[in-house]
Amino acid sequence: MKAYRIVWEDEAKAREVEIFVDYTLEAGLVLVDEVRPTKVTLYSSETKLPVRTLPVHTASGRALLTRAFLATRDESITLADEIQAQLDERDDLVAAKV
């Protein structure tokens, strides 16, 4: 299993959420296993600087943040597609150097 890191900037709530997407590769295709929010950084609305960072410990907190994150995504691009595109880009860069 591999993990893909996303930092979701939720400007409406003045926060950043660090999310790890666990995935596996089967026959070259990305299969998403789990979406795991791990921490939330809160920002001051006045100074725009980080005020506090909170770890996400509970299953209900992870589920709430996952639903909020997925609701903001463009429906035409799945997480699997996004990860696959990143892997393809990385492979292209490696191939270009050889």
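The model is predicted, so local features need pLDDT of at least 70 and side-chain atom pairs count only at pLDDT 80 or more, while totals for chains, interfaces and linings use all residues. Residues are numbered from 1 along each chain as its sequence is written, and side-chain values use heavy atoms, with hydrogens and water left out. The chain has 2 helices and 4 strands, where helices (H or I, at least four residues) and strands (E, at least two) are DSSP runs numbered from the N terminus.

**Overall layout**

- Read from the N terminus, the elements of the chain follow the order β-β-β-β-α-α, and the C-alpha atoms fill a box of roughly 50 × 30 × 25 Å, taken along the principal axes.
- Of the 98 residues in the chain, 29% are buried; buried means under 20% relative accessible area, exposed means over 50%, and partly exposed lies in between, with a 1.4 Å probe and protein chains only.
- Among contacts between residues at least 6 apart in sequence, 33% join residues at least 24 apart, where contact means heavy atoms within 4.5 Å.

**Strand pairing and hairpins**

- Strand 2 and strand 3 pair in the antiparallel sense over 12 bridges, and two strands are said to pair if DSSP finds at least two bridges between them.
- Within this pairing, Y23 has V32 of strand 3 as its bridge partner, and the hairpin that the two strands form has 2 residues between them.
- Strand 3 and strand 4 also pair in the antiparallel sense, over 5 bridges, with Y43 standing opposite P50 in strand 4 and K39 having P55 in strand 4 as its bridge partner.
- The hairpin of strand 3 and strand 4 has 6 residues between the strands, and K48 takes a positive phi near 65° there.
- Strand 4, which covers residues 50–55, is hardly covered, as the count of buried residues among its 6 residues is 0.

**Two residues with positive phi**

- Most residues other than glycine have a negative phi, and most peptide bonds are trans.
- A14, which is not a glycine, has a positive phi of about 50°; A14 lies in the loop between strand 1 and strand 2 and counts as partly exposed because its relative accessibility is 26%.
- A27 is not a glycine either, and A27 has a positive phi of about 55°; A27 lies in the loop between strand 2 and strand 3 and is exposed, with a relative accessible area of 85%.

**The largest pocket**

- The largest pocket has a volume of about 180 Å³, and it is lined by E9, D10, E11, A14, R15, E16, Y43, S44, S45 and K48.
- The elements that give two or more residues to this lining are strand 1 (2–10) and strand 2 (15–26).
- By class, the lining of the largest pocket has 2 nonpolar, 2 polar and 6 charged residues; Ala, Val, Leu, Ile, Met, Phe, Trp, Tyr, Cys and Pro count as nonpolar, Asp, Glu, Lys and Arg as charged, and the others, Gly among them, as polar.
- On a 1 Å grid over the protein atoms alone, a pocket is an open set of points where a 1.4 Å probe fits, with protein on both sides within 12 Å along at least five of seven lines, and lining residues have an atom within 4 Å of a point.
- Grid points are joined across faces, edges and corners, and a volume is the space filled by probe spheres set on the points.

- T41 has its place in strand 3 (residues 29–43), and T41 counts as buried because its relative accessibility is 11%.
- Not counting residues up to four places away in sequence, T41 touches A14, R15, E16, P50, R52 and T53.
- The side chain of T41 makes a polar contact with the side chain of T53 at 3.4 Å; a polar contact is a pair of N or O atoms within 3.5 Å, of which, within protein, one must be able to donate a hydrogen and the other to accept it, and residues adjacent in sequence count only if both atoms are side-chain atoms.
- R5 has its place in strand 1, and R5 touches E18, I19 and F20, not counting residues up to four places away in sequence.
- The side chain of R5 makes a polar contact with the side chain of E18 at 2.8 Å, whereas the C-alpha atoms of R5 and E34, 29 residues apart along the chain, are separated by 12 Å.
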